[in-house]
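I opened the model and kept a notebook. My entries follow in the order I made them.

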Amino acid sequence: MPLSAATSAREILTGLHGVMAGRGAAQTKLDHVVDLIAEAMGSEVCSIYLLRDSVLELFATHGLNKEAVHVTRLAPGQGLVGTIVSEGRILNLAEASNHPAFAYRPETGEDKFHSFAGVPIIFRERAIGVLAVQHADPRAYADVEIEALQTVAMVLSELIAGARLVDGAERRGGQREGMVRLAGLKLVAGMARGTAVERKSTRLNSS
């Protein structure tokens, strides 16, 4: 029985915690994430594209031809994925081929899929990639599914930048990019995101 949109979204976020907490290289984790999303959403395709050398590279996929990974590339603004990066916005299309920016890449084997939804992967207010799903049948993606994809993209942005998989992920100003593990007090179960602020203590010397 197909899962409801809300149930599939919960499964994605629960599974994401396990993937991110486990060991493994960044590529392995991205491969696990696309498999997780595709299974939870009942989606034939889930893919991650990353901005490398100023072009979007297919970096991980469930459902497209594996031979296209690290081979298929799109310029920012080219195709649906390139449009998401260049405009920094979500696309949610029941019939992808009807969109004026649609671009067919035969090596991926995506000609048999109709619906498409993609969200930008944002790091430091800049789109560094795209997380996308595709279905064989035309369908509209529910808001809760899009929100789940956005949450995954937000978490993945730290992993991707920390592993320096994209342009501009090098150290800047002597500060380290990416993920840092900090100890904290857990008040409720679940996943959250916030900003850590380092406070330096100052001692006053009395004369």
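**Entry: order of elements.** From the N terminus on, I read the elements as α-α-β-β-β-α-β-β-β-α. The protein has 4 helices and 6 strands. I took helices (H or I, at least four residues) and strands (E, at least two) as DSSP runs, numbered from the N terminus.

**Entry: what I am looking at.** This is a predicted model, where local features need pLDDT of at least 70, side-chain atom pairs count only at pLDDT 80 or more, and totals for chains, interfaces and linings use all residues. Residues are numbered from 1 along each chain as its sequence is written, and side-chain values use heavy atoms, with hydrogens and water left out.

**Entry: totals.** I looked up burial next. Of the 207 residues of the protein, 42% count as buried. Buried means under 20% relative accessible area, exposed over 50%, and partly exposed in between (1.4 Å probe, protein chains only). The accessible surface of the protein is about 12000 Å². Carbon and sulfur atoms hold 51% of that surface. These areas come from the Shrake-Rupley method with a 1.4 Å probe; for residues, only the protein chains shown count as cover. Then I turned to contacts (heavy atoms within 4.5 Å). Among contacts in the protein with a separation of 6 or more, 57% are between residues 24 or more positions apart.

**Entry: the largest core.** Which residues touch the most other members of the largest nonpolar core? I found Leu30, Ile37, Ile48, Leu50, Leu131, Leu156 and Ile160, in a core of 37 residues. Helix H1 (5-21), helix H2 (26-41), E1, E2, E5, E6 and helix H4 (143-162) each give two or more residues to this core. Another core, of 22 residues, lies apart from it; among its members are Leu58, Ala68, Ala127 and Ala132. A nonpolar core here is a set of buried Ala, Val, Leu, Ile, Met, Phe, Trp, Tyr and Cys residues joined through side-chain atoms within 4.5 Å. I also checked Leu156. Leaving aside neighbours within four places in sequence, Leu156 contacts Met20, Leu30, Val33 and Ile48.

**Entry: H2 against H4.** Two packed helices are described by the angle between their axes and the distance between the axes. The axes of H2 and H4 come within 12 Å and cross at roughly 175°. That makes H2 roughly antiparallel to H4. Axes are lines fitted to C-alpha atoms, for helices over the stretch in contact, and angles run from 0 to 180 degrees between N-to-C directions. Angles under 35 degrees count as roughly parallel, over 145 as roughly antiparallel, 65 to 115 as roughly perpendicular and the rest as oblique.

I listed who meets whom. On the H2 side are Ala26, Lys29, Leu30, Val33, Ile37 and Met41. On the H4 side are Glu145, Leu149, Val152, Leu156, Leu159 and Ile160. The residues of this contact divide into 10 nonpolar, no polar and 2 charged.

**Entry: Gln134.** Is Gln134 buried or exposed? Gln134 counts as buried, because its relative accessibility is 8%. Gln134 lies in strand E6. Not counting residues up to four places away in sequence, Gln134 touches Ser43, Glu44, Val45, Leu64, Glu110, Phe113, Ser115, Phe116 and Tyr141.

**Entry: positive phi.** Most residues other than glycine have a negative phi. Asp53 is not a glycine, yet has a positive phi of about 55°. Asp53 sits in the loop between strand E1 (45-52) and strand E2 (55-62). Asp53 counts as exposed, because its relative accessibility is 68%. Arg124 is not a glycine either, and has a positive phi of about 50°. I found Arg124 in the loop between strand E5 (115-123) and strand E6 (126-135).

**Entry: Glu107.** Glu107 is in the loop between strand E4 (91-93) and E5. Glu107 is in contact with Asn65, Ala68 and Thr72, leaving aside neighbours within four places in sequence.

Key: Nonpolar A, V, L, I, M, F, W, Y, C, P; charged D, E, K, R; others polar.
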